[in-house]
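Take a look at the sequence and the model, then read on.

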Amino acid sequence: MKSSTILRDIRREQKMTICELADRSGLHRNTIQRVETGGGVSLLNYEAMLAVLGYEIEIMEMEK
């Protein structure tokens, strides 16, 4: 599953609008829309959005 789909699903599950997520995360609503449509944003912006939704990113070493 794509990260853009995951973020959108979590936001919708919590019944939060794009504008609400933008306000709470301190990001512009266009940034939220760009993420949800598969566009690129910085990891820091993605972390800010997830933090508002009650999630965090865990970075793990890939199996070889």
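This is a predicted model: local features need pLDDT of at least 70, side-chain atom pairs count only at pLDDT 80 or more; totals for chains, interfaces and linings use all residues.

Just after α4, Gly54 has a positive phi of about 90°. Residues are numbered from 1 along each chain as its sequence is written, and side-chain values use heavy atoms, with hydrogens and water left out.

**The chain as a whole**

- The protein chain has four helices and zero strands; helices (H or I, at least four residues) and strands (E, at least two) are DSSP runs, numbered from the N terminus.
- Reading along the sequence gives the pattern α-α-α-α.
- For 64 residues, a compact globule would have a radius of gyration near 11 Å, and the 12 Å of the protein chain agrees with that. This radius is taken over C-alpha atoms, and the globule rule is 2.2 Å times the number of residues to the power 0.38.
- The C-alpha trace spans about 40 × 20 × 20 Å along its principal axes.
- Of the 64 residues, 28% count as buried. Buried means under 20% relative accessible area, exposed means over 50%, and partly exposed lies in between (1.4 Å probe, protein chains only).
- The accessible surface comes to about 4,800 Å², and 50% of it belongs to carbon and sulfur atoms. Such areas come from the Shrake-Rupley method with a 1.4 Å probe, and for residues only the protein chains shown count as cover.
- Among contacts with a separation of 6 or more, 45% are between residues 24 or more positions apart; contact means heavy atoms within 4.5 Å.

**The nonpolar core**

- In soluble globular proteins, nonpolar side chains tend to be buried together.
- A nonpolar core is a set of buried Ala, Val, Leu, Ile, Met, Phe, Trp, Tyr and Cys residues joined through side-chain atoms within 4.5 Å.
- Which residues touch the most other members of the largest core? Of its 13 residues, they are Leu7, Leu21, Ile32, Tyr46, Met49 and Leu53.
- At least two residues of this core come from each of α1 (3–13), α2 (18–25), α3 (29–36) and α4 (43–53).
- α4 gives the largest share, four residues.

**Helix α4 and Tyr46**

- The buried residues of α4 are Tyr46, Met49, Leu50 and Leu53. Viewed down the helix axis, they fall within an arc of 95°, so they line one face of α4; the arc is that of the directions from the helix axis to the C-beta atoms.
- Leu44 and Ala51 are exposed on the other side of α4.
- The buried residues of α4 pack against α1, α2 and α3.
- Tyr46 counts as buried because its relative accessibility is 12%.
- Beyond residues up to four places away in sequence, Tyr46 touches Ser3, Ser4, Leu7, Val35, Val41 and Ile57.

**Helix α1 and Ser4**

- In α1, the buried residues are Ser4, Leu7, Ile10 and Arg11. Their arc, seen down the axis of α1, is within 135°, so they too line one face of the helix.
- Arg12 and Glu13 are exposed on the face of α1 turned away from its buried side.
- Packing partners of the buried residues of α1 are α2, α3 and α4.
- Ser4 has 8% relative accessibility and therefore counts as buried.
- Leaving aside neighbours within four places in sequence, Ser4 is in contact with Val35, Glu36, Gly38 and Tyr46.

**A salt bridge**

- Side chains of opposite charge can pair when their charged atoms come close.
- How many salt bridges are there? The count comes to one, where a salt bridge is a side-chain nitrogen of Lys or Arg within 4 Å of a carboxyl oxygen of Asp or Glu.
- Arg11 pairs with Glu36 in a salt bridge, and the closest N and O atoms are 2.6 Å apart. Arg11 lies in helix α1 and Glu36 in helix α3, so the pair ties together parts that are 25 residues apart in sequence.
- Arg11 and Glu36 are both buried.
- From Arg11 to Tyr46 the distance is 13 Å, C-alpha to C-alpha, and the two are 35 residues apart in sequence.
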